[in-house]
Amino acid sequence: RRVLLLGEGNFSFAAGLCGVPGTHIVATCYESEEEAVGRGGAARSIRRLRDSGAEVVFSVDCTKLKEYFSPGNREFDRVYFNFPHCGRKAGVAKNRQLLAGFFHRRVLAQEGEIHVALCNGQGGTPADQPRREWHNSWQIVAVAAGAGFILSHLHPFKAETIHGYKCTGYRSQDKSFCVEGALNHIFTWSTAPLCLTSMSCKTQLGSQKVSFQVPQVLVDKINRGFLEVNSSHPVRTIKEKLSAGLSQDFPLQNISSCLPLLLQGHPDGVCHSNIFWITLSPGQAPSTEEMSQGLENPVLFSHFGQDMDKNVQEGCPIPKQFYLRPSLLPHAQAVAEKGAFPPGTLHVLCGPVFRKCLISAHSMPVFHEMLVVLAVSRGTENSCIQMLVENIKTTTSSLHQGIKPSIDLQEAASFGTELSDFAAFECQLGEIQHFLSLRTEPDPSGSCVGVIRIAPYGLKSSELVVVSASLNLDLLAMLLCGISDWRMLWTSDRRFLQQFPEGELRLFKSFSLYPPSYVHDVSFWLPDGEEFDEVAFHTLARRVSGEMVVSIQLRDGFQQPGTGRRSLCYRVTFQACDRALGCREAAEMQLRFREEIQQQLGVTLR
C-alpha cells in the first residue's frame, strides 16, 4: 500500500506511521530540506523515516503534484494532508484555493482515501462545534466535490494515537497550535456523472412488435432488475419477506412475470399531467383486435445517441393513447375479469410503476409496487382485511434494524386532508377504504406506505368481492432501513448494495456525508391565458439536472397592474445524495433549466 503525506511540518506524524507491514510511505513538505531540518525534532523523524525505507521529498507544492511523481508512481492508496494552510495570516478564500488545487491533482487510487485534518470550525460541516458561518469556513466538502470527491467518513483527529506526534507550523513558525476539537475528513472518489443517452424500448403489443422512446427522466430507472432472483436490493428483500409471511396465512400465487409496461387509453380520474405519455414510433400503433390479445411479452431495450421525437419530452402534454403504467391495478382487474381469481387464493403482482410528481425526498417518479389481491365472499371482507394487516404488521416488525416500526390501519375518511403524493395519487385511481401508515421512532407522525380497496372488479359471481392491498416497496425500504432520500435506492454506487447482503436488511450508513447544496432562483412571466403546470415544471427540473434538484419552492407571485400578466419566482436547490456535485456543475444545470422552461413551457424569463 502506497501512502503519501503532504505538508509535513516536523515529520513526526509520518514517522509515527513507520513500520506498518506492506506500506510504503512517501513523506513530503513544502519547505526546503535546510528549512525543514531546522524544526524541533524534524531531523530525528527524517532519519527514522529513511531508515525504515520511506521516501522523504522536500519543496513539494501540493497543487503541482504531477511534477514530482512519474506517471507510474502517481497513484496512492491513502493521502494524508494534516492541517493544510497557506501560511501566516492567509484568509479562508486563499485556503479554499489551496484545497481546490490539491484535490484537482488526482493522485488517489480508485479505491483510496484522502485524509484531511482541519482545526475545529474550519471545515464548515455540521460536525464542527461551534459551527462557523458558511462564508467564513473552508467549505471543504464543496471544494472536494468540485474535483469529484465525496466526504465518506468524519471523526475526531486523535493526535495521541500517533506515537511521537507533535503539531507545528503555527503561522509558518516552529510553534504548535491547538488541535482540540479538530476533525479528520476522509474523502473517496465519487461515481462519475451519468451520461444518459436516449433509450428506445421494443415491446410486443398483441401480435405486433412496436418501439417507443423512454422519457429521459426514466432512462436510468427502467430495467434495473431490483426484483430479479439474483438481486440483493432491499426492495426485493422486503418483497420476498412479505410474500413469505403472507404464504403462512393464505395460498399464494405470483403473477408478476410479463406484466406490460404500457397501457392504452386514459386512466379514469387521473390528472393528465401525472402520466408519462408515450408516442409509439410512426405507423406502429396496433389495431384494437391486436390489443385485445394482451401485452404479454417482456420489454427489450436499445440505445440511440439522439432524441427521436422532441414531442415526448417531459412537460409537453401529449394526448396519445399509450402511457407507462402508473399502477398495477389495471392488470389485476384484467385477471379478475378473465375469472382467474379463485376465491381464497392470494395473488401477488409486483413491478415498477411510473408517476410524474412534485420534487421532494419521498416523492418518486418511479417505485416498485406490490399489489396483493384476494377474492372473498361478500360480508367477510373486513375480517380478511384485518388478517392481511396483522400479517403485514408481523412481517415488518421482524424486519426492523434498530428502528421499531408500527403499521396502523386508518379509515380513509379519517386520514385527513394533508395527503402525501403517493396517497393523493392512489385516491385518483379509485375509492380507498383504508390507508396503511408506517410509524417509526425517528418519525412518530407516520408515512402512508399502502392503501386497501374493496371492489367487485368485474367478478362473475355477485357473491364475491375483491380485497386489494397496494404497497409502496421503495418507501417501505426507506423507512425500515433509515434511508432519507429515495434517490439513494437507485444509485449506481456499489457501496449502497454492499451494505445489504442477500436476504438481509440493515440500517443504511450514508457514504456521502453533508453533501453541499446550491441555491438558485428563477423568475418568469406566464403565457397569457394559460394555467401553469407545476408538475411539468418539476419534471423538467428532474430531467435537466439528472435528479440533482432536491427542492423547488415558490418564493413569490406577482400580477402586473393594468395588463394582468402573472409572474412567478421559484427557489431551486441542487444537491446530490450519492455523488459529487460542484458549484460550477450546479450553475450549468440552472442555465439549462432556464432554457428548457422557456422552450417547453412557453414562459418568458425575467
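Which residue takes a positive phi just after α11? In this predicted model, the residue is G482, with a phi of about 70°.

**Overall composition**

The protein contains 14 helices and 24 strands. Of its 606 residues, 52% count as buried. Among contacts with a separation of 6 or more, 73% are accounted for by residues 24 or more positions apart.

**Helix α11**

Helix α11 spans residues 473-481, and because 9 of its 9 residues are buried, the helix is largely enclosed by the rest of the structure. The buried residues are L473, D474, L475, L476, A477, M478, L479, L480 and C481. At the start of α11, the backbone nitrogen of D474 lies within 3.2 Å of a side-chain oxygen of N472. G482, with its positive phi, comes just after α11.

**Helix α6 and its two partners**

Two packed helices are described by the angle between their axes and the distance between the axes. Helix α6 packs with α11 at an angle of about 100°, the axes being 9 Å apart. The two helices, α6 and α11, are therefore roughly perpendicular to each other. On the α6 side the contact is made by P234, V235, I238, K239 and L242, and on the α11 side by L473, D474, L476, A477, L480 and C481. Sorted by class, this contact of α6 with α11 has 9 nonpolar, no polar and 2 charged residues.

Helix α6 (residues 234-246) also meets helix α9 (residues 381-399); their axes come within 9 Å and cross at roughly 130°. That angle makes α6 oblique to α9. The crossing in which α6 passes α9 is right-handed. From α6, the residues I238, K241, L242, G245 and L246 take part, and they meet L388, N391, I392, T395, T396 and L399 of α9. By class, the contact of α6 with α9 has 6 nonpolar, 4 polar and 1 charged residues. I238 and L242 of α6 are listed in the contact with α9 and in the contact with α11.

**S567 in strand β23**

S567 is placed in strand β23, which covers residues 566-574. Is S567 buried or exposed? S567 counts as buried because its relative accessibility is 4%, and the cut-off for buried is under 20%. The side chain of S567 is joined to that of R606 by a polar contact of 2.8 Å. Leaving aside residues up to four places away in sequence, S567 touches F524, W525, D556, G557, F558 and R606.

**Backbone features in loops**

| Residue | Phi | Relative accessible area |
|---|---|---|
| F83 | about 50° | 12%, buried |
| Y514 | near 45° | 36%, partly exposed |

F83 is found in the loop between β4 (76-82) and α4 (92-103). Y514 has its place in the loop between α12 (494-497) and β21 (518-525).

Which two residues are joined by a cis peptide bond? The bond joins Q129 and P130, and its omega is about -5°. P130 is found in the loop between β5 (108-118) and α5 (140-145).

Note on methods:
Residues are numbered from 1 along each chain as its sequence is written. This is a predicted model: local features need pLDDT of at least 70, side-chain atom pairs count only at pLDDT 80 or more; totals for chains, interfaces and linings use all residues. Side-chain values use heavy atoms; hydrogens and water are left out. Axes are lines fitted to C-alpha atoms, for helices over the stretch in contact, and angles run from 0 to 180 degrees between N-to-C directions. Helices (H or I, at least four residues) and strands (E, at least two) are DSSP runs, numbered from the N terminus. Angles under 35 degrees count as roughly parallel, over 145 as roughly antiparallel, 65 to 115 as roughly perpendicular and the rest as oblique. A crossing is left-handed if the near helix is turned anticlockwise from the far one by less than a right angle, and right-handed if clockwise. Contact means heavy atoms within 4.5 Å. Ala, Val, Leu, Ile, Met, Phe, Trp, Tyr, Cys and Pro count as nonpolar, Asp, Glu, Lys and Arg as charged, and the others, Gly among them, as polar. Buried means under 20% relative accessible area, exposed over 50%, partly exposed in between (1.4 Å probe, protein chains only). A polar contact is a pair of N or O atoms within 3.5 Å; within protein, one must be able to donate a hydrogen and the other to accept it, and residues adjacent in sequence count only if both atoms are side-chain atoms.
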